[in-house]
Every structure is written in structure tokens, then in C-alpha cells.
Amino acid sequence: MTAPALTIAEILDQPAVVPLWPTVGRALGLAESTTYQLAAEGRLPIEVIRLGRRRVARTVDLHRFLGLAPQENGAGPGYQPGPSAGNDEAAGYQPAASVEHSAPHAK
């Protein structure tokens, strides 16, 4: 059985490193076994850090993957705390305007 996904407010209120389960797995909407399986295969979308037997991830990496961290140019999603209804629409998440990137041209 999969635990309910974390809200954006819950994700943003985490320490510098977080455990793979339940924090990373729930933030990504994964079951516990799937979270650990993907980590073992090196297929999680964020870097996994081994601390003895524990597996953790940097919170900033999780924020970046989920689009919750500001970009280096200062553009990023805005977040304003609001009432939580268990999903990001009601949690005050305001996505930033999209930025188009063009590929470098070959000469």
C-alpha cells in the first residue's frame, strides 16, 4: 500500500538531508519497495547518499527535481503558504512562467 504523497508545504519544511523512505518516496509518489529498488538500481531522479546503512538525499536536490527551488537566475516558482487539501493546487503553489531555452547553433 502506498502512503499518501507529501504536500508541497510538507516537502519545503524538511531538514538539509531527508531519508529515502518515507520522505523522498512519498514526495515522488512511490511505494517503499519501489523507492528502495530504484535507489539500488541508480534510477532515482536524485542522488542517493549512503550514511552507514541509511540512505538519504539532499533536500535541495529533491526541491530542484520537483521544481520547487529557485533557478540560478532567480526565476523560480513562487510559494505562498495556504490551506492544505493534500495536493499542490490547494497548498498555495504558484508555478513560475516558463522560460524557453534554445539549443546552441552549430557553425
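1. Let's start with confidence. The protein chain has a mean pLDDT of 77, and 63% of its residues reach 70 or more. Helix α3 (residues 32-40) has the highest confidence, at 96, while strand β5 (residues 93-94) has the lowest, at a mean of 48. Over residues 84-93 the pLDDT is below 50, although this stretch has 23 contacts in the model beyond near neighbours in sequence. Where pLDDT is low, the predicted coordinates should not be read in detail.

2. Next, have a look at the core. The largest nonpolar core holds 14 residues, and I11, V24, A27, L44, I46 and L62 have the most contacts inside it. Two or more residues come from each of α1 (8-12) and α2 (20-28), with α2 giving the most, three residues. Leaving aside residues up to four places away in sequence, L44 touches L20, L28, L30, T35, L38 and A39.

3. Now to the charged pairs. The model has four salt bridges. One of them joins the side chains of R43 and E41, at 2.6 Å from N to O. Here R43 is exposed, at 55% relative accessible area, and E41 is partly exposed, at 40%.

4. Finally, E47, R58, D61 and R64 form a network of salt bridges. E47 and R58 have their closest N and O atoms 2.9 Å apart. E47 lies in the loop between α3 and β2 (49-51) and R58 in strand β3 (residues 54-58), so this pair ties together parts 11 residues apart in sequence. For R64 and D61, the closest N and O atoms are 3.6 Å apart; the two residues sit about one helical turn from each other because they are three residues apart in helix α4 (residues 59-65). R64 is exposed, at 53%, whereas D61 is buried, at 13% relative accessibility.

Terms used: Residues are numbered from 1 along each chain as its sequence is written. This is a predicted model: local features need pLDDT of at least 70, side-chain atom pairs count only at pLDDT 80 or more; totals for chains, interfaces and linings use all residues. Side-chain values use heavy atoms; hydrogens and water are left out. pLDDT is the predictor's confidence in each residue, from 0 to 100. Helices (H or I, at least four residues) and strands (E, at least two) are DSSP runs, numbered from the N terminus. Contact means heavy atoms within 4.5 Å. A nonpolar core is a set of buried Ala, Val, Leu, Ile, Met, Phe, Trp, Tyr and Cys residues joined through side-chain atoms within 4.5 Å. Buried means under 20% relative accessible area, exposed over 50%, partly exposed in between (1.4 Å probe, protein chains only).
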